[in-house]
Amino acid sequence: LLAIMILTSAFSSYAATANVTVENVSSANSDGYYAVSISVSDLSLSANGSIDIALSYNNLAFTVVKTEFSSSVKKYASAGKAGDNPYHIKITAGSSSLKPSGKICTVYFEAIGLPSIGKYDIVPTVKLSSGASVKTTSGSISIDCSHSYEKHSTVEPSCTTDGYTLERCTKCDGYRKTNKQSAIGHDFKV
């Protein structure tokens with residue numbers, strides 16, 4: 001009986017350490033924003049309990065534009081003002097407990113000007129209303145090159161191949177094709 005009581009006590013006092021992770025990102029989306037996802041695991045919020053995640057980042061290179069919350073936490077979540085550094089994300093459980101798991105939100109950053117090539121850390125600092133410990137994993141935004149293109153050459157379309165303007169980056173010597181024109185096709189005569 002004593003062994004069962006000790007075993008029961010050990011299980012009831014066990015609580016996994018919550019984890020908050022910021023994913024890495026290395027390229028901008030079609031809107032020109034860098035998007036990092038925030039994920040949590042082993043998190044349990046009691047009724048009216050909360051978690052506050054503060055994201056610190058290099059404000060000389062980026063500003064937060066918006067946050068999109070996953071459907072599982074949307075009605076419990078709030079975010080700081082765009083551009084805040086640190087930028088706060090808060091989730092407060094309702095009248096019952098809440099166990100968010102997986103990706104809770106995506107935070108969109110916009111580059112200010114032309115940031116230097118390099119890695120910019122996104123560091124989370126977490127406070128739980130219960131005071132329990134939380135393990136955090138920082139993420140980063142990597143800028144490979146803030147390209148500056150100039151015209152290099154032009155390829156005219158032919159009967160079977162497309163035409164385009166070839167532009168070269170003056171910083172990294174990378175190339176891109178712009179002003180694409182479809183192949184003009186054959187014009188057979190009898």
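These legends walk through several close-up views of a predicted model.

**View 1**
The protein chain averages a pLDDT of 86, and 90% of the residues score at least 70. Where does pLDDT stay under 50? That happens over residues 1-14, and for this stretch the model has zero contacts beyond four places in sequence.

**View 1. The open sheet of five strands.**
Here the strands follow the order β4-β7-β2-β1-β9, and their pairing is mixed. Which strands stand at the edges? They are β4 and β9; each has a single partner strand, so one side of each is left without a neighbour in the sheet. On average, neighbouring strands of this sheet are turned by 20 degrees against each other, direction ignored. Look for the pairing of β2 with β7, where eight bridges join strands that run antiparallel.

**View 2. Strand β1 and its two partners.**
Zoom in on β1 (18-22), which is mostly covered, with four of its five residues buried. Towards strand β9 (residues 134-137), β1 runs parallel, and four bridges join the two. You can find Ala18 opposite Val134 in β9. Four bridges also join β1 to β2, but this pair runs antiparallel. Here Val22 has Ile38 of β2 as its bridge partner.

Is strand β3 (residues 50-56) largely enclosed or largely open? Five of its seven residues are buried, so β3 is largely enclosed by the rest of the structure. Six bridges join β3 to β6, and these two strands run antiparallel.

**View 3. The largest nonpolar core and Ile38.**
In soluble globular proteins, nonpolar side chains tend to be buried together. The largest nonpolar core of this model has 35 residues, and Ile38, Val107 and Phe109 touch the most other members. Which elements give two or more residues to this core? They are β1, β2 (33-41), β3, β4 (62-69), β6, β7, β8 and β10 (139-143).

**View 4. Ser101, a residue in a loop.**
Ser101 sits in the loop between β6 (87-92) and β7 (102-111). Is Ser101 buried or exposed? Its relative accessibility is 57%, so Ser101 counts as exposed, the cut-off being over 50%. Ser101 and Val73 are 28 residues apart along the chain, and their C-alpha atoms are separated by 9.4 Å.

**View 5. The open sheet of three strands.**
This sheet has the order β11-β12-β13, with antiparallel pairing. β11 (149-155) and β13 (175-181) stand at the edges; each has a single partner strand, so one side of each is left without a neighbour in the sheet. Neighbouring strands here are turned by 25 degrees against each other on average, direction ignored. Six bridges join β11 to strand β12 (residues 163-169). Among the residues to look for are Lys151 and Glu167, with Lys151 standing opposite Glu167 in β12.

**View 6. A look at some cysteines.**
How many disulfides does a search of the whole structure find? The search finds zero. Cys105 is buried, with a relative accessible area of 1%, whereas Cys159 is partly exposed at 35%. Cys169 lies in strand β12 and is buried, with a relative accessible area of 0%. What does Cys169 touch, not counting residues up to four places away in sequence? Its contacts are Cys145, His147, Ser148, Tyr149 and Gly174. As for Lys81, which is 88 residues from Cys169 along the chain, the C-alpha atoms of these two residues are separated by 35 Å.

Note on methods: Residues numbered from 1 in each chain as written. Predicted model: local features only at pLDDT ≥ 70, side-chain atom pairs only at ≥ 80, totals over all residues. Heavy atoms only, no water. Buried < 20%, exposed > 50% of the residue type's maximum accessible area, 1.4 Å probe, protein only. Pairing = 2+ DSSP bridges. Core = buried A, V, L, I, M, F, W, Y, C linked by side-chain atoms within 4.5 Å. Disulfide = S-S within 2.5 Å. Axes fitted to C-alpha atoms, helices over the stretch in contact; angles between N-to-C directions. pLDDT = per-residue confidence, 0-100. Contact = heavy atoms within 4.5 Å.
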